[in-house]
Amino acid sequence: MEPILRMEKITKAYRSVPAVKDVDFDLQEGEIHALVGENGAGKSTLTKVMAGVVEATSGRMTYRGQDVRFATPHEALQAGIAMVFQETSLVPSMTVAQNLYLGSESFLNRLRGIYISAQQFLQSLNFPVDPTAMVETLGAAKRQMVEIARAVHHDARVIIFDEPTASLTPEEKRHFFALLRRLKTRGVSIVFISHALEEALLISDRITILRDGELVATGATTDFDRDRIIAAMVGRTLSGELYRKRDAGHLRKAGRKVLSVQDISMGQMVRNTSFSVFEGQVTGIFGLIGSGRTETLKIVSGIYKRDFLRGGAIALDDRPVRYYTPAEAVRDGIAYVTEDRKSEGVFEIMSIGENLFGGLLAAAQEQGFVIRHRVVRKLAEEWTGRLSIKTINTEARVVELSGGNQQKVVIGKGLIQKPRIVIFDEPTRGVDVASIAEIHQIINDLADQGLAVVMISSYLPEVMNLSDRILVCRQGRIVEEMSPAEATEEKIMYAAVH
Amino acid sequence: MILDPILDIFRGQAITIPPLDGAFRANTSLEEAPVFAALPEADNLCQADGRLLATSGTKIYALAEGAAPTLEETFPAAISALASAPDGTLAVALDDGSLIEGGQPVAVPTGVSCITALAYAPDGTLWLANGSDRHPASAWVADLMEKNASGSVWRRAPGGAFTRAAAGLQWPYGLLPDGGGAIVSESWRHRLLRVSGGGVEPVLKHLPGYPARLSPAAGGGAWLAIFAPRNRLIELVLQETRYRYDMMAEIPREFWIAPALSSRQSFLEPLQCGGIRTMGVHKAWAPSRSYGLVVRLGPDLVPLASLHSRANGRRHGTTSVIEADGRLLIASKGGNCVLAPEAP
């Protein structure tokens, strides 16, 4: 059967450095095609060429038997190719319905009509999103849903999903996979980029693996297993090494109690949460999206404020603290590495060094009115090496880096402040397998150095592998503490759900 | 912020419950511990002349490993405290406020009618905790709900008379003679105090439950039994005066929203349904009214480790703990047994 989309010898180079090189790719009608590869392997670039976000430097693309070359995403969308981006591209100051209809508005629009049809459409997809809600008020998972709904709404024949499940809960993932299957039965072809290899194996019909911008393997999903994919992705076997269960003998002992959070409350999101954090340990916090984990730690970091009345107490080294700005927390040695690196973590169009310098400024470790470029350059060189940030050169802007390397810049920005407590919020979200191992190593090293580390994660194997103690969050409060040696996925999930 | 001290006047002081982590990290040690003796409402443990004694209602039993408890003595009222002097003399306090020492009634000072704990110092000094001057020891929950602070601690030097060492306490419930003074557990304020000639000084504050009796630990330090947990609902009720008095006036005491020595006895109890049990599984982390908790305190009275019977357990209402012949024994009044767990 003739594929709906075929790419031949596609090369895309940035500043003469090829991101993808002579890649052949084809997509059949009504198939789910998983695209997997390491951080910087060229998956996003290849799909951006498909969707008209960037133009290929060389190569040929045919769509429905016709040679095509999309100059803009709009052209691709008109032709029936839509892309759901890893970092959502919604307009935060517009409502969900307005975002859904953006680009396909009539000359005269009746807002009520748009809301009603958006409501019906979202319900048909089983997405519990209020069409009248402003996008900026939505969490990451719901934004992702709106993004997916927008692609489906444009009646695309090819939909490209870049890390669609990174921010979804297991329940939402099931809905999402059911949606993919429905789209497939309607003849829609799907390109699915994911770092969660189990998902690729579960949902896809075919898998294509890229490494360093080149095609390594392609074939039916039945021909692959997890180990074979990983071996093809990184050239070595990482399985079992990355997510193995901790045994009681290797758990770090609790040091001094540095942070004590007692009954803090913030509206309905955080309700009487209490926990302590100890030096020299990784405290893992697991909870479903909306369980208040992020909000709790953002209160600790001074980003959000707890309730004015009966808001509880936070003590740092037995000293009560109440932060009104994040800068106060930073100066007290609390670094928060955000889950939403695009809007909260980095200045995208600034260089690696400038971003790191921003971390120094926040900690008030850099004085004066003038930015010293020598310091910025030195920081970039030092931290690029320390955190193995893969970049063309140290002057590169963060937007030019891949997801995993952007995450390392966010981590570097926190660590440069010489913190005593480091809070990682979803540290490996949207990050490839090799970078996950590197970020895990950074987290372990920090705990070994005696820092108090808090890690929030929705990915159970990550929590179980990295944590020295696991706290489970449900409906705005910490409900249970477990030792990784005794914890099982079922036990943690039961506590998180009930 | 510079304005925080002023704002705090309007905010009020946060009432917080410390989390069960660090030395208080939850486990199932009490739940899994072997039963040393099954004894209804097992309460105060004590070692006298090499015998191991335990109180149960109006009776004192002698306990021995592998044998059924043997009845030693019966009293006309429930026993509220028991202690043994260095010479083997037994002091027994009853719920009617009387004190019997060596089989003879002893006159107690006016106002002492609720003896919750007794302890002899090595020099023979008798320490006495009077929980309240409003209620007998068995009505402890009423004293808590009324938020009384009428407890006192008394000492009687050998051959001397009782003198008051501290007053205005909120239910003193445990005594541990320490040098010339004593360590006292003050239940309603969730803390331990050092009572000495120099006055009263808190030594351990902000416990996660209601502390009960204390006993010395072999390697230095102490054991502390905590008989009930704190939870947000009870803290709220304790702040709502009118609600509390209405509850006390209209609802039977066993169904009050208050700490308990055991729970899950009746469907009329507060705190039920999804908060406690979901899909047939009783949640260990549920905010229960009863709990079992014993804490090992270091020589400086810093908590080192703990043994738990969690919300889904049965060995609740741990009121007394002693180390006897190298073995740790714990009385679970709510669980109707004496446990012999491994020391943590």
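Let's start at B:Arg134, which sits in the loop between strand S11 (126-130) and helix H3 (140-145) of chain B. Helices (H or I, at least four residues) and strands (E, at least two) are DSSP runs, numbered from the N terminus. A quick word on what we are looking at: this is a predicted model, where local features need pLDDT of at least 70, side-chain atom pairs count only at pLDDT 80 or more, and totals for chains, interfaces and linings use all residues. Residues are numbered from 1 along each chain as its sequence is written, while chains are lettered from A and ligands numbered from 1 in the order in which they are written.

Back to our arginine. Setting aside neighbours within four places in sequence, B:Arg134 is in contact with B:Asp143, B:Asn148 and B:Ser150. Contact means that the C-beta atoms of two residues, placed from the backbone, lie within 7 Å. B:Gly111 is 23 residues from B:Arg134 in sequence, and their C-alpha atoms are 8.9 Å apart in space.

Staying in chain B, here are two residues to look at for their backbone. Most residues other than glycine have a negative phi. B:Trp171, however, has a positive phi, near 55°. You will find B:Trp171 in the loop between strand S13 (162-169) and strand S14 (172-178) of chain B, and it counts as buried, with 27 C-beta neighbours inside 10 Å. B:His190 is not a glycine either, and its phi is positive, about 55°. This histidine is in the loop between strand S15 (181-186) and strand S16 (191-196) of chain B; it is buried, with 20 other C-beta atoms within 10 Å.

Chain B also has an open sheet of 4 strands, in the order S18-S19-S22-S23, with antiparallel pairing. Two strands pair if DSSP finds at least two bridges between them. At the edges are strand S18 (209-216) and strand S23 (303-309) of chain B, each pairing on one side only. From one strand to the next, the twist averages 20°. S18(B) and strand S19 (residues 222-229) of chain B pair over 6 bridges in the antiparallel sense, and B:Pro216 stands opposite B:Ala222 in S19(B).

How do the two chains meet? In total, 19 residues of chain B are in contact with 22 residues of chain A. The side of chain B that touches chain A has 9 nonpolar, 4 polar and 6 charged residues. For these classes, Ala, Val, Leu, Ile, Met, Phe, Trp, Tyr, Cys and Pro count as nonpolar, Asp, Glu, Lys and Arg as charged, and the others, Gly among them, as polar.

Now over to chain A. Its average pLDDT is 85, and 93% of the residues score at least 70; pLDDT is the predictor's confidence in each residue, from 0 to 100. Among the elements of chain A, helix H8 (residues 226-234) has the lowest mean pLDDT (75), and strand S17 (residues 421-425) the highest (95).

Chain A has an open sheet of 6 strands, in the order S6-S7-S8-S3-S9-S10, with mixed pairing. Strand S6 (81-84) and strand S10 (214-220) of chain A are at the edges with a single partner strand each, so one side of each is left without a neighbour in the sheet. Inside this sheet, strand S3 (residues 32-37) and strand S8 (residues 189-193) of chain A run parallel, joined by 4 bridges. A:Ala34 stands opposite A:Phe192 in S8(A).

Let's finish with helices. All 8 of the 8 residues of helix H9 (residues 293-300) of chain A are buried, so it is largely enclosed by the rest of the structure. H9(A) is followed by A:Gly302, with a positive phi near 80°.

Technical notes
Buried ≥ 20, exposed ≤ 12 C-beta atoms within 10 Å, placed from the backbone. Axes fitted to C-alpha atoms, helices over the stretch in contact; angles between N-to-C directions.
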